[in-house]
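Here are my notes on this one, jotted down as numbered points. Have the structure open beside you as you read.

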Amino acid sequence: TITSTSPDVMGDNTTPVQFSTILRNEGLLNDVYNINLSISAPAGWIGEYTTVNGTFPFGTMDSVQVAAGDSTQISVSINPSSINGFGLTTLEYTSKNDPGTSGNIIFRNITDAGVELLVVDASNEGYGDLIFNSLESIYSGTFGIISRDAITAITDLTGFEIVAWSAGITTPVFTT
């Protein structure tokens with residue numbers, strides 16, 4: 001399994017964002033996992049991930065050994081490189097012992113300016129993802145999504161034209 005120990009992040013476009021994960025071998029045998037990192041973000045954003053073996057850029061595969069019942073930490077760094085926007089970064093793993101055993105975790109980060117519409121998923125039920133996915137069909141501007149955990153008491157949302165706060169108990173959607 002893979003779990004994040006970091007929430008989504010909203011920040012300025014000059015500060016690199018750090019995420020941390022734990023990859024746990026819940027099997028009965030020692031295993032080796034292939035690790036890869038990819039991103040969907042504005043052109044020019046750069047990033048890397050760090051394992052016990054070193055630091056690797058997007059698209060470079062590493063393999064980590066994890067004993068049965070043990071875990072390893074994987075750190076991810078994303079640098080918006082002074083470019084505003086929204087990024088979805090995917091960290092994937094695949095077992096070498098059992099190639100059918102694989103998974104991923106997605107990190108979301110958005111700059112605090114330069115994106116027109118912000119979706120805040122405050123439900124923790126994935127309803128914000130439904131709004132976000134619906135926007136792809138009807139909204140021609142720039143948009144992104146983060147979890148409620150990324151918002152603090154001092155977070156400035158004035159850089160967004162629209163904030164869609166998803167906290168309901170029913171399934172929200174936009175339709176055309």
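1. A word on classes before anything else: Ala, Val, Leu, Ile, Met, Phe, Trp, Tyr, Cys and Pro count as nonpolar, Asp, Glu, Lys and Arg as charged, and the others, Gly among them, as polar. On that basis, the lining of the largest cavity splits into 4 nonpolar, 4 polar and 1 charged residues. Do keep in mind that this is a predicted model.

2. Staying with that cavity: a search of the whole structure turns up 1 cavity of 30 Å³ or more, and the space in the largest cavity comes to about 30 Å³. Its lining is made up of M10, G11, D12, T15, V17, P80, N109, I110 and T111. The elements that give two or more residues to this lining are β2 (9–11) and β10. Which of the elements gives the most? That would be β10, with 3 residues.

3. Then there's the largest pocket, with a volume of about 180 Å³. The pocket has 14 lining residues, and N25, G27, L29, D31 and Y33 are the ones nearest its centre. Sorted by class, the pocket lining has 3 nonpolar, 7 polar and 4 charged residues.

4. On to the sheet. It is an open one, with 5 strands in the order β1-β3-β8-β5-β6 and antiparallel pairing.

5. I22 is a handy place to look: T3 stands opposite I22, and the bridge partner of I22 in β8 is Q73. For L23, the partner in β8 is T72.

6. Now the aromatics, where the count comes to 6 pairs. How do the rings of F19 and F107 sit relative to each other: stacked or edge-to-face? Their centres are 4.6 Å apart and their planes at 25°; planes under 30 degrees apart count as stacked, so this pair is stacked. F19 belongs to strand β3 and F107 to strand β10 (residues 102–111), so the contact ties together parts that are 88 residues apart in sequence.

7. Elsewhere among the aromatics, F86, F132, Y139 and F143 form one cluster.

8. Last, a look at a loop. A43 sits in the loop between β4 (31–40) and β5 (46–51). Exposed means over 50% relative accessible area, so A43, at 72%, counts as exposed. How far is A43 from I2? The two are 41 residues apart in sequence, and in space 27 Å apart, C-alpha to C-alpha.

Technical notes
Residues are numbered from 1 along each chain as its sequence is written. This is a predicted model: local features need pLDDT of at least 70, side-chain atom pairs count only at pLDDT 80 or more; totals for chains, interfaces and linings use all residues. Side-chain values use heavy atoms; hydrogens and water are left out. Two strands pair if DSSP finds at least two bridges between them. Helices (H or I, at least four residues) and strands (E, at least two) are DSSP runs, numbered from the N terminus. Rings of Phe, Tyr and Trp (its six-membered ring) pair if their centres lie within 6.5 Å; planes under 30 degrees apart count as stacked, over 60 as edge-to-face and the rest as tilted. On a 1 Å grid over the protein atoms alone, a cavity is a set of points where a 1.4 Å probe fits but cannot get out, and a pocket is an open set with protein on both sides within 12 Å along at least five of seven lines; lining residues have an atom within 4 Å of a point. Grid points are joined across faces, edges and corners, and a volume is the space filled by probe spheres set on the points. Buried means under 20% relative accessible area, exposed over 50%, partly exposed in between (1.4 Å probe, protein chains only).
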